Amino acid sequence: MDAKTCLQKLQYVGVLAFATVDGAGSPQVRNISAIHYEPDALYFFTARGKDFCKELLADGRVQVLGYTRYKEMIRLSAKAEPLPASEQKEWIDRIFAEQPYLANVYPGKTREIGMVFAIRNGEIEYFNLGVRPIFRESYTLGAGSVSVKGYRITEACIGCGKCARNCPQQCIAAGQPYTIQQAHCLHCGNCYEKCPAGAVERRG
């Protein structure tokens, strides 16, 4: 798995959830399908009068979520940037050509109310619940960076094994200290809650 494959899987999903935050700090989620995919980026269309567009122009931060029929969750955290005015018409026409239904929504010249944003840099999280143990990994898109999440077991570990016995995915290996196999960790925090020595700490 890699960032390119994750973008391909998002394309197969088709309709993606885009999350932003409005001016009052409240979360907002929309389903977006007017998207063009490149191997290392995606471009999407919205109308300038929409709150969605306003929020993107004010802040730019967005999370994009897709979920496949195989129980794979793909989450892209990034900053969306509007394309230069000189490129807008070309990209609007390209997206409309790839998504014929858009001509029903914005017929004729009404498509000119639209704006295309690009996501070229970000973090992609891949999370597969359809295998056991589950599998998760993060990848960078462009100049993006990977944030550290989950839990780790510190040197305060007393070796009792309670964390391993209570792990839903059995992804904690014995040792001194015990270690969590991060690629199979649910981030559920059961080891954190069950550790009698307080040796489990959050990462990041």
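In which loop is the place of Gln170?

Gln170 is placed in the loop between helix H5 (162-165) and strand S12 (172-173). Helices (H or I, at least four residues) and strands (E, at least two) are DSSP runs, numbered from the N terminus. The structure is a predicted model, in which local features need pLDDT of at least 70 and side-chain atom pairs count only at pLDDT 80 or more, while totals for chains, interfaces and linings use all residues. Residues are numbered from 1 along each chain as its sequence is written, and side-chain values use heavy atoms, with hydrogens and water left out.

Gln170 counts as exposed because its relative accessibility is 52%; exposed means over 50% relative accessible area, buried under 20%, and partly exposed in between (1.4 Å probe, protein chains only). Apart from its neighbours within four places in sequence, Gln170 is in contact with Arg132, Ala164 and Arg165, contact meaning heavy atoms within 4.5 Å. Pro133 is 37 residues from Gln170 in sequence, yet the C-alpha atoms are 7.6 Å apart in space.

The side chain of Gln170 also makes polar contacts, that is, pairs of N or O atoms within 3.5 Å; within protein, one must be able to donate a hydrogen and the other to accept it, and residues adjacent in sequence count only if both atoms are side-chain atoms. The side chain of Gln170 reaches the backbone oxygen of Cys167 at 2.7 Å, and one of its polar atoms lies 3.3 Å from the backbone oxygen of Ala164.

## Aromatic pairs

Rings of Phe, Tyr and Trp (its six-membered ring) pair if their centres lie within 6.5 Å; planes under 30 degrees apart count as stacked, over 60 as edge-to-face and the rest as tilted. By this rule there are nine aromatic pairs. One of them is the stacked pair of Tyr43 and Trp91, at 3.9 Å centre to centre with 15° between the planes. Tyr43 lies in strand S4 (residues 41-47) and Trp91 in helix H3 (residues 85-98), so this pair ties together parts that are 48 residues apart in sequence. Both Tyr43 and Trp91 are buried.

Phe44 and Phe117 are also stacked, because their ring centres are 5.6 Å apart and their planes are at 15°. This pair links distant parts of the chain, with Phe44 in strand S4 and Phe117, 73 residues apart from it, in strand S8 (residues 114-119). Phe44 is buried at 0% relative accessibility, and Phe117 is buried with a relative accessible area of 0%. Phe18, Phe44, Phe52 and Phe117 form one aromatic cluster.

## Helix H3

H3 has 14 residues and reaches 21 Å from its first C-alpha to its last, close to the expected 20 Å, a span defined as 1.5 Å times one less than the number of residues. Within H3, the residues Gln88, Trp91, Ile92, Ile95 and Phe96 are buried. Seen down the axis of H3, its buried residues line one face because they fall within an arc of 135°, taken from the directions from the helix axis to the C-beta atoms.

The buried residues of H3 pack against strand S3 (35-38), S4, strand S7 (81-82), helix H4 (102-105) and S8. The face turned away from the buried side of H3 carries the exposed residues Ser86, Lys89 and Ala97.

## Lys9 in helix H1

Lys9 lies in helix H1 (residues 3-13) and counts as buried at 19% relative accessibility. Leaving aside neighbours within four places in sequence, Lys9 is in contact with Met1, Glu72, Ile74 and Tyr126.
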